[in-house]
Amino acid sequence: MSAVAEERSARAPWALTAPALMLFVGVLLIPLAMTVMLSFHDWGQYKGIEPVFILKNWHEIATDPYYAEMFWRTFRIAILTTLLTALLGAPEAYILNRMSGRWKSFFLLVILGPLLISVVARTLGWALLFGGNNGLVNKLLMSLGVMRSPIPFMFTETGMIIALAHVMMPFMVLSVWAALQRLDPQIENAAMSLGAGPATIIRRIIMPQIMPGVLSGAIIVFSLSASAFATPAIIGGRRLKVAATLAYDEFLNTLNWPLGAAVATLLLVALVLIVVGSNALIERRYAEVFR
Amino acid sequence: MRRNGPLALIFHTFFVIVMVAPILVVCLVAFTPEGFLSLPTNGFSLRWFKTIANYPEFIHAFWVSLGLGALSSFVALLFAVPAALAIARYRFRGRDALAALFLSPLMIPHVVLGIAFLRFFTSAGLGGSFAALIIAHVIIVFPFALRLTLAAATGMDRTVEIAAVSLGAGGWTLFRRVTLPLILPGVISGWALAFIQSFDDLTMTVFLAAPGTETLPVRMFLYIQDNIDPLVTSVSACVIAVTMTALILLDRFYGLDRVLAGKGDTGR
C-alpha cells in the first residue's frame, strides 16, 4: 500500500510539471535551436534563405570590421552603463538604507517603480530632455555654468549611456539593497567605537560587504544593457547600431535572416559566457558571503 | 544607526530628481496646449489626449496589448501553478534543472527570443498572428508568474490541506476549495506582474507583430522612429497610467517591496 503511495508521489511532480516542460521544450528550446541552425544557412537577395550548411555568415562577422566595431560599441556602452549605475546606485542604496521607515519605503517605491514603467515611455522622456541643442538638459547645464556650449546627446553614445543607466538603475539599487539587508548594523557601531572615521568605515566595513551585491547587480545591468533594444534604437537613431538593433535591421529591413541569426547567436553565447564566468568568479571570491 | 549627512541628502535629492525627471517630463508635455513639443507653461490642455481618438491604430494597439497581457498572463498561470506546486512540495531528481529552465526566459535576451520566435512561428505558418504573440508572451511572463506563485506555495500552511484530506476532500476539490484560495494572493500578484511585463514588452514583440497585431509599445516605437510629437507623449501618459493601476493592485494584494525585492523566491 505504502509502496503505491510512494510511487504516486514520485510521479506527481512530473505530472504537475509536464505541461510547462512540454511548453518550454516545444516553444522555447526548439525555436532557439532553429535560430542557431539558421545562422549556418545561406541567403541571397533573390533566392532568399537556402537551408544549406555553410560558414558564410560567421565568416562575414569575423572578417568584416563593421561587425567588430559594432560589437565593440555594444560592449563599451554596456560596460560604461554598468559603471555609471554602480557609481551612483550603490551610494544611493546605502543612503536609502539609513533612512527612517516611512521615507525609506516611499523613496524605494519612487526609485524601483520605474522598473515597471514602459521602456519606450522612459526613453521618450530622455529624448525630450535631450532635445536638440536647446534641450532641457543642455539649458540646465549651461545655466549652472557646467559648460559653455551645448553638447549633443541625441544620436550619441553619451546620450545612450545616460538613458540606459536610468533604465537599468533600479536593478543595481535593488541588488545593493539586498546586500545591505544582510549587513549587521552593529559592526558599523563597533568600528566607530574603535575610533574609525566615516571614510574608514565605508572603505573598510561597508564596501567589502556590499561588493557582492554591486557585482551581481553589475552582471544583471551589463547583460541587459548589452542586449538592450529600445533605448539604443530611439536615442542612437539609425546610424549608431548596437547588436540588438543590427539584428533587428537584418531581420526586418534587409531581410537577411541568417546573418541576423548569427549576430543574435553570437550575442547570446557571449552573454552566457560572460554571465556564467563572472558569476563563478564572484561566488568563489565571496564564498563566505553567499554561504 | 547614524543619520545621513547633508552631502548624502544632496546626492539623494539629485538622484531622485534624475530618476523621476524623464517620466515626469513625458506626463507634463502630454498636457501641452501647443502644437509642438513644449512644457505646458501656458496652462494645461487635454488637446493631445483628444487627438488620440483620431488615430485608430493607437486605440486598436491598446486593446491588442490589453488583451494580450491579460490572456498570456492567465495562460502562463495555468502552466505555472501546477509547476510551482510541484517545485515547492517535492524533492525530485531534475528539480533544480527544471526550475532553472522555467526561469531561463529572464536570462535570454529578448532580441534573441524575438528572432527565435519569428523564425519558429513563420515556419509554423503562424507568422504575425495573435496566437503566436500569445504563446511568445506566455514564455516571457512565465518566470514572473512562477516566482510569485512559488513563494506563496512555499509559505503555505500545509496542515490545512491535511485537515481537508482527513475530512474526505481529495484531488480537484482539495485544490479548488483549499489550496487555490490559500495561494490566491500570490497567484493574483503573479498575474499582475506578468501582465505588466507583457504590456510593456517591446523588444521581443517588435519582431512578431504585424499590422493588425501591433501592440501599443510597438506602435509607439514605430511612431517615434519617424517623428516625436506631443501625441506620443499623451499615449505614453496613458500607458504609464495603466501600469500604475496594475502597480497599485500589486501593492494591495502583495506589497510592492516584496514583488520588487524578490523576497520569498527562495522560500524564506
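Colleague: What should I know about the conventions and the model scores before I look?
Modeller: Residues are numbered from 1 along each chain as its sequence is written, and chains are lettered from A, with ligands numbered from 1, in the order in which they are written. As this is a predicted model, local features need pLDDT of at least 70 and side-chain atom pairs count only at pLDDT 80 or more, while totals for chains, interfaces and linings use all residues. The model scores ipTM 0.89 and pTM 0.90.

Colleague: And what is the mean pLDDT of chain B?
Modeller: The mean is 89, with 96% of the residues of chain B at 70 or more; pLDDT is the predictor's confidence in each residue, from 0 to 100. In residues 263-268 of chain B, however, the value is below 50, and this stretch has eight contacts beyond near neighbours in sequence, a contact being two residues whose C-beta atoms, placed from the backbone, lie within 7 Å. Where pLDDT is low, the predicted coordinates should not be read in detail.

Colleague: Switching to the interface, how many residues does each chain put in?
Modeller: Chain A contributes 65 residues to the contact and chain B contributes 64 residues.

Colleague: Which helix of chain A gives the most?
Modeller: That is α1(A), with 17 residues on the side of chain A that touches chain B; helices (H or I, at least four residues) and strands (E, at least two) are DSSP runs, numbered from the N terminus. By class, that side of chain A has 53 nonpolar, nine polar and three charged residues, where Ala, Val, Leu, Ile, Met, Phe, Trp, Tyr, Cys and Pro count as nonpolar, Asp, Glu, Lys and Arg as charged, and the others, Gly among them, as polar.

Colleague: Where is the kink in α3(A)?
Modeller: A kink of about 25 degrees lies at Gly89(A), shortly before the proline Pro91(A), the bend being the angle between axes fitted to the seven residues ending at a residue and the seven starting there.

Colleague: Which loop holds Phe155(A), and what is its phi?
Modeller: Phe155(A) is in the loop between α6 (136-143) and α7 of chain A, and although it is not a glycine, its phi is positive, about 60 degrees.

Colleague: Is Phe155(A) buried, exposed or partly exposed, and why?
Modeller: Phe155(A) is partly exposed because 14 other C-beta atoms lie within 10 Å; a residue is buried with 20 or more other C-beta atoms within 10 Å of its own, exposed with 12 or fewer, and partly exposed in between, with C-beta atoms placed from the backbone.
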